[in-house]
Amino acid sequence: MAFLKVALRILITAFLSATVSLAHPGLGFGWGIGGSPGGQFGAPPFGLFPQFYQFSCPQADDIVMSILKKAIAKEPRMAASLLRLHFHDCFSQGCDASILLDDSATIASEKNALPNRNSIRGFQVIDEIKAKLEEACPQTVSCADILAMAARGSTVLSGGPSWELPLGRRDSKTASLSSSNKNIPPPNSTLQNLITLFQRQGLDEVDLVALSGGHTIGVARCATFKQRLYNQNGNNLPDLTLENSYYNGLKSVCPKSGGDNNISPLDFGSPVKFDNLYFKLILWGKGLLNSDQVLLTGNVGNTMKLVKAYAEDENLFFKQFAKSMIKMGNISPLTGFKGEVRKNCRVVN
């Protein structure tokens, strides 16, 4: 009988502790409260914190990493695709896995937005991770957190930095095609346009340059840089900031007519290695997209200084990339009782 009383007391204590941590999960972990861009204070009292699945699904990250290792070994480009998936998700109505929802009677899928159509990928890897997590911990780990974990894991497996990842996002029941079209920075952006779009999400110039460094891995379609080769300013002339031999090489990959789906690496020196060569290439006039090169040539703010600093110091870039990824991952998350934890990332429950 005494044993039962002790056991009951332990259960009650555990329940009360869980209730307190649910009400104030951000306390003591040094993360901003979730619910507003950049994790600003004054938002609802449900935060993101790294230990969110410590008891409910402690093996979550191991499951994510085991599937990522296989997927990236099979196709190294997949790391960049998964990093981009998280980025494009967060820039449209917050980090809520809205980008994963397929078209339905009530959902106009973000997959059909201009920045995503025919280019966003990696959905099958997310599906595989979700299926394994559902086997291990049913209806526990959200699709939004899977995207954040996959982005970090992809960075690490490509040789980049790791970071302590705040978790606890929930999944949206809606998607926003218009938000994707309006808020995801296009590849032909001017520097001022990039700064404005990042500021809209609570991100500053330092975040802009550091997160652009994610282009150290991956490829881009000819359609995204063709304008630079043949008609940069509407005068049928190329972008004069392109280094000459690089320009000639790109023309062979991306003809004036046709070939829109031909691909070129964003960082041709080390396309599957996460490093700071991306910034060195920009200094040499070998940034692929207009949105890459204008970080140096745009003459707004301090982006030129930041490009030079990250080109000189890879460790500085890695540290800031990690900080900026945490900040981006905290854009308007659904927490507490908002949203849901989807059973299948492609459809609402």
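What is the handedness of the disulfide of Cys 222 and Cys 254? The torsion about their S-S bond is about 65°, so this disulfide is right-handed. The model is predicted: local features need pLDDT of at least 70, side-chain atom pairs count only at pLDDT 80 or more, and totals for chains, interfaces and linings use all residues. Residues are numbered from 1 along each chain as its sequence is written, and side-chain values use heavy atoms, leaving out hydrogens and water.

**View 1. Cys 222 and Cys 254 form a disulfide (a pair of cysteine sulfur atoms within 2.5 Å).** Their sulfur atoms lie 1.9 Å apart. Cys 222 and Cys 254 are buried (under 20% relative accessible area, with a 1.4 Å probe and protein chains only).

**View 2. Cys 57 and Cys 137 are joined by a disulfide.** The sulfur atoms are 2.0 Å apart. The S-S torsion is about 70°, so this disulfide is right-handed. Cys 57 is buried, at 1% relative accessible area. Cys 137 is buried too, at 4%.

**View 3. Cys 90 pairs with Cys 95 in a disulfide.** Here the sulfur atoms are 2.0 Å apart. The torsion about the S-S bond is about 120°, so the disulfide is right-handed. Both cysteines are buried.

**View 4. The whole structure holds 4 disulfides.** With bonded cysteines counted along the chain, the pattern is 1-4, 2-3, 5-8, 6-7.

Technical notes. Buried < 20%, exposed > 50% of the residue type's maximum accessible area, 1.4 Å probe, protein only.
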